[in-house]
Amino acid sequence: DDDDDDDDDDDDDDAGKKPLMDDLEFARALTRVGGDLRHHVARGRDDDDNARPDVLDVNTPDFWISNRSRDMTRVRGKHPMKAEPALGDLIARGAITPTRTHYVENVSSVPRADAKTHRVRVCGDVRRALSLSVANLKKMRAATLPVLLASAGNRRKELRAMTPPDGGDGVVGDGGDWGAGAVGNSLWTGVPLRDVLKRAGVTRETPTRRHVHLYGLESVDDDGAGREYGVSIPLRKALDPAQDVLVAYAQNGETLTPDHGYPVRAIVPGDVGGNSIKWLSRVEVRETPLLIESAHARTRDNVFPPHVTTEKIADKERWWTNPDVAMRELCVNAVVCAPAHGDCVKITPREANAPFAIRGYAHSGGGRAVTRVEVSLDGGVTWRCARVTCPCPRTAHGKQWCWAMWSIDVARGALARCREITARAWDEAHNTQPRDVTWNLLGCGNNAHFRVKTEVVEIEGCQWVTFEHPTEPGDGAGGWMGGARNGWSQRVDALYAPRAGETPSGENGVGDVNRREVRKIVAPPVRVAAKTASVAKTAVEDEPPKETGYRPPPAGAKIFSLAEIEKHDSEDDAWILVKDKVYDCTAYIASGAHPGGNASIVMNAGTDSTEDFEAVHSAKAWKQLDPFLIGYLDPADNPDATIADVTIAPASDPAVVAKPPPPSTPPPAAGPVNLLQFALANPEMYGEGTLVGEAAEAAAFDRMWAGARNDAGDAPRALDPKKWLQLRCDAKVPLSHDTILLRLALETPMHQCGLPVGYHLYLRGVSPATGKKVMRAYTPSSLNGTLGAVEFVIKIYFPNDNPMFPEGGQLTRYLNSVNVGDFVEVKGPMGHIQYHGRGMLTVDKTTIKVDRMTMIGGGTGVAPMLQMIVAVLSNPDDETKIKFLFGNKSEKDILLRYTLDRLRREHPDRFEIAYTISKAETTAWTGLTGRVNKAMIKEHCFAADESGALRTVALLCGPPSMEEDTAIPALKELGYAAEDIVRY
């Protein structure tokens, strides 16, 4: 009998307009699976450019669909919609792919469905036939989980470019010329299919119940005929709770969009994307699979043997209806996303050893996790393991339905010497990718090694390495396989894949891999390749114990290779290498005992952190390392070891990254000096016309505000949280008697810092007093939308200025003597606080929605506060209110006063500030006097909201005595809960 609840009050909205999860719910769900809320800020809102139908859809049945992304590449003409994002966009969005960046694969026009009238029929060999409305489905037990969808035709264009065996027709069908971007990893919400089947009385497999057929709504083909598309999956898979098959009605917390299956679709994790049928209208339980019994079945995701070179052969040998060639689970695959096709990187002798990051994604199928990704620069003779991160956790049943992100650093000089970058992945069943491309008639399942060609070109005397992917998606003519259909021939006897029309020379078709012809061109490169991006407080202590010379590991000691150490690079599995000794810090991190926070350890996990450890830790800290010692660095990986120390000679690896040379040590400052007066008296020191003082701060304010309003989007990221990089000083001007504005140039004017609001960077230099390296965490005054540079406001602590610190500030003295054109070492960003906008705040992986912020800062603690204030006030949709109590020694010590006063004047309804100084020097002072105390906090900060109506948090950044002895006790006495008091 039929279960049709027509009287349900179904208030479903139009597709894609109303979030099913509010911002807080979605932020929590996203955080649990490693997503980044910054890439999902447009949830529930259309932007003006995309709110109308796309002009490409004129004269097609889809010219009613709004909000299609104009940034996607259509891979099969205008209609039906088959489109993929640029690989750089895809990987820049992080673990969870936003809906507008998720690939779209429609086999026909999009049905005009209505959630209020739509029904999903459950029929066939069932005990009870059902007709379920969307409202019925939403009343059932819901599940939300991240799932990767990938087209069976991902990387199909590589097969279209290939000459078919025996002179066949080439790849046939209308599946689209996919590049490598036909993948997406989103959060899907819906009802487990097994619950739907159970409601229909189907709980187990029988001789007549073996398969589940899934049908979408009838849609219109190019010829105007209607067609119903369907797939089938085994019933045992549908009923298995470990398989997580869903009847989904939401993507990333929002109602499905038309292109992604509105109002209801199937999600079949681990299978090819075509099995996750869209616009689901019918679920049938049958004895036989759909592929054999019905002409309406999806027949294009088949992998025929290579000898089937024409459709005539496929017909004659009955391959179309052979279930053994139907592609079900995804193949293991790894793709290089950065550098992208057409990217360039500059090579100079000075930067030959500078690291360059190669990044990409990898996935497998059937719930199998990717266990490693390997990269070769010599045609597969030798391989290096990349850093692999699986951002989404396994399910309770141990399945991994999501992708992995991978990256590896190579020396820029190695890129100039190699002919191609080759990547391959392995999964937990030890499946890996084949070296060579296997051609098949329908162009499905291509997972050969992913190869990116390199070429060295000379432009106006400068050498650049350019990168070329195999193909460009859609009608793009680029790629080393050539843009011509059937024009590329494979050489299985060559280590390197030849370019289209190229005949390899030399032994095994390799040629001389150590010699590169440099091509001279007059046009500048199109794009500059990105590096990577995404650190915590530390304090310089006593110097560490001195050790000199290389000491081999003790006899019988456990030794580890660098490749093995690099695998342990997360908070849950953290090894560090310090002076050739390997320490497992995982238990120490779990204890939370590190005074600088866990982030300052995690940023060094999996790396040689000797220099960083020496820069900030005392002899006591060195002794505390001893209990965590687990072994020693393999002498084969130690450049200081002699041949006698190395028991096994390592294979030569041209990609090993040498440490960059330290910057030249500038002369130390000679004592207290009024920087502003000196600049005004000596304008030639900074260049005629250079702004200083308040004028310089006003100009910096305008740059800061513009950066806050600008979305850096997919601009290449300049920094690396695990590598020290050298940035050139672009400007250094005094703002006050002891404060400078330091601007460091990024790699190009189009690079972004990659700095989330709430994070900071490390700066490192050589102490003029001790000659040793020191580092400090600084929050930039510029926000991430400021492209091409990063700016800092630095307070200089001169020698003999404070009797308690006669040598002055170790790092600030160094920064004060940096000149324009000098290089400063930078690392990051990192932090434990992140502000996503519109009140969404994440602290130590917990996301909350705040309405009001109390800020209490002292001295240079204004920097992180200013970053947060500007992020809030620059967004007109952000209703968060802020009160800032700012303490300083004297009026002249107040940093960034022009900026703070201007923000107060321009945003009086959302921002208030109260200044207090230890002692007023003149009667003109109208602010507060004295150290920060409970009475000041009560009068000038928000009261704790005990009702919960207005969530209020307190952010603290200042001297420990101010935070621990005054602010925290006072806030607690005034009703603030401990979890609402946050220390930077």
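Strand 38, residues 789-795, is mostly covered, with 7 of its 7 residues buried. This is a predicted model. The largest nonpolar core holds 67 residues. At the surface, Val55, Leu56, Val58 and Phe63 make up a nonpolar patch.

- Ala789, Glu791, Val793 and Lys795 point one way from strand 38.
- Val790, Phe792 and Ile794 point the other way.
- Residues on both sides are buried, Glu791 and Lys795 included.
- Strand 38 pairs with strand 35 (residues 739-745) in the antiparallel sense, over 7 bridges.
- Within strand 38, alanine 789 stands opposite alanine 745.

**Nonpolar cores**

- Nonpolar side chains tend to be buried together in soluble globular proteins.
- In the core of 67 residues, those with the most contacts inside it are Phe304, Ile358, Tyr361, Trp406 and Leu415.
- Strand 23 (residues 404-411) gives this core its largest share, 6 residues.

**Surface patch**

- Together, Val55, Leu56, Val58 and Phe63 have about 340 Å² of accessible area.
- Phe63 sits in the loop between helix 1 (23-32) and strand 2 (73-74).
- Phe63 has a relative accessible area of 40%, so it counts as partly exposed.

Definitions and conventions:
Residues are numbered from 1 along each chain as its sequence is written. This is a predicted model: local features need pLDDT of at least 70, side-chain atom pairs count only at pLDDT 80 or more; totals for chains, interfaces and linings use all residues. Side-chain values use heavy atoms; hydrogens and water are left out. A nonpolar core is a set of buried Ala, Val, Leu, Ile, Met, Phe, Trp, Tyr and Cys residues joined through side-chain atoms within 4.5 Å. Buried means under 20% relative accessible area, exposed over 50%, partly exposed in between (1.4 Å probe, protein chains only). Helices (H or I, at least four residues) and strands (E, at least two) are DSSP runs, numbered from the N terminus. Patches are made of residues with over 30% relative accessible area and no salt bridge: like charges are joined within 9 Å, nonpolar side chains (Val, Leu, Ile, Met, Phe, Trp, Tyr) within 5 Å. Accessible areas come from the Shrake-Rupley method with a 1.4 Å probe; for residues, only the protein chains shown count as cover. A salt bridge is a side-chain nitrogen of Lys or Arg within 4 Å of a carboxyl oxygen of Asp or Glu. Two strands pair if DSSP finds at least two bridges between them.
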